[in-house]
Amino acid sequence: MPSPASIPSVPGPRGPSVLIVEDEASIAEPFAAALARSGFRPTVAATGAQALTRFDELSPDVVLLDLSLPDADGRDLCRTLRQRSGVPILIITASGSLTDRVVGLELGADDYVVKPFAIGEVVARIRAVLRRTGTSSDGPSEVIIDDLRIDAGARRVWVGGREIDLSRKEFDLLWRLARDAGHVVSREDLMSDVWDTNWFGSTKTLDVHVGWLRRKLGDDPASPRWVVTVRGVGFRLSAPGEAAG
């Protein structure tokens with residue numbers, strides 16, 4: 001069996017690319033092979049240094065990050081990756097405590113998987129986070145509604161030809177609404193798709209982010225052009241033609 005440092009990339013179909021940061025070859029090799037069979041393009045990095053190099057070389061669609069690495073603290077690596085990119089990050093670790101999970105999410109991770117895990121569960125979580133962040137190969141990668149243009153692949157947004165700067169969650173929220181433009185998306189679905197599939201408690205954070213998003217889109221709070229509130233249900237992004245003018 002090769003040493004962890006020599007684990008190669010695993011060839012696969014032209015699906016989403018996945019960087020697996022895992023130093024145990026007994027886990028990384030079969031995991032990568034399983035992801036390849038599921039239509040992904042996995043690459044394995046066994047150390048933090050190798051992970052940063054391959055991240056810069058490959059610009060992966062998603063990162064699966066083990067927190068226990070021989071040369072680095074996975075939390076520091078997660079923070080570094082998040083500073084460099086909005087790429088979805090799934091933390092994989094043997095520690096499943098609530099404190100560790102919260103810390104990981106606060107560092108910028110999008111999900112948390114505890115060892116031992118089922119491959120099918122991880123594949124489902126990868127696909128879910130790719131859908132939430134707009135980097136899935138399923139469906140359109142760009143939506144244009146009148147003078148609003150959203151490029152999911154580049155995570156860029158323009159209104160009237162002017163690019164606007166959105167935070168990670170603001171973009172995810174806008175993209176989720178754009179995928180169903182003209183239709184109401186419930187508060188529950190927005191919280192599940194944009195924040196956490198296991199979210200419980202107040203949805204006030206959704207209202208705060210909608211407010212921020214409206215301001216950046218140039219919406220009048222009294223009569224929003226783009227993000228419309230449907231009382232008691234959720235929110236709707238204006239359909240083509242509806243927001244013109």
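What volume does the largest cavity have? The largest cavity has a volume of about 40 Å³, in a predicted model where local features need pLDDT of at least 70, side-chain atom pairs count only at pLDDT 80 or more, and totals for chains, interfaces and linings use all residues. Residues are numbered from 1 along each chain as its sequence is written, and side-chain values use heavy atoms, with hydrogens and water left out.

A search of the whole structure finds one cavity of 30 Å³ or more. A cavity here is a set of points, on a 1 Å grid over the protein atoms alone, where a 1.4 Å probe fits but cannot get out, and lining residues have an atom within 4 Å of a point. Grid points are joined across faces, edges and corners, and the volume is the space filled by probe spheres set on the points. The lining consists of I20, V21, E22, I27, F31, L64, L65, D66, I92 and F117. At least two lining residues come from each of β1 (17-21), α1 (25-37) and β3 (62-66); these elements are DSSP runs numbered from the N terminus, with helices being H or I of at least four residues and strands E of at least two. Strand β3 gives the largest share, three residues. By class, the lining has eight nonpolar, no polar and two charged residues, where Ala, Val, Leu, Ile, Met, Phe, Trp, Tyr, Cys and Pro count as nonpolar, Asp, Glu, Lys and Arg as charged, and the others, Gly among them, as polar.

Two backbone features lie in loops. S59, in the loop between α2 (48-58) and β3, has a positive phi near 45° although S59 is not a glycine. The peptide bond from K115 to P116 is cis, with omega near -10°, and P116 belongs to the loop between β5 (111-114) and α5 (119-133). Most residues other than glycine have a negative phi, and most peptide bonds are trans.

The description now turns to helix packing. The axes of α6 (residues 168-178) and α7 (residues 187-195) come within 10 Å and cross at roughly 130°; axes are lines fitted to C-alpha atoms, for helices over the stretch in contact, and angles run from 0 to 180 degrees between N-to-C directions. Helices α6 and α7 are therefore oblique to each other, given that angles under 35 degrees count as roughly parallel, over 145 as roughly antiparallel, 65 to 115 as roughly perpendicular and the rest as oblique. In this pair, K169, D172, L173, R176 and L177 of α6 meet L190, D193, V194 and W195 of α7, contact meaning heavy atoms within 4.5 Å. This contact has five nonpolar, no polar and four charged residues.

Helix α8 (residues 204-217) packs against α7 at an angle of about 80°, with the axes 10 Å apart, which makes α7 roughly perpendicular to α8. Here R187, L190, M191 and W195 of α7 meet T205, L206, D207 and H209 of α8, a contact with four nonpolar, two polar and two charged residues.

Helices α6 and α8 also pack together, at about 85° with their axes 10 Å apart, and are therefore roughly perpendicular. From α6, K169, E170, L173 and L174 meet L206, H209, V210, W212, L213, K216 and L217 of α8. The residues of this contact divide into seven nonpolar, one polar and three charged.

Technical notes: On a 1 Å grid over the protein atoms alone, a cavity is a set of points where a 1.4 Å probe fits but cannot get out, and a pocket is an open set with protein on both sides within 12 Å along at least five of seven lines; lining residues have an atom within 4 Å of a point.
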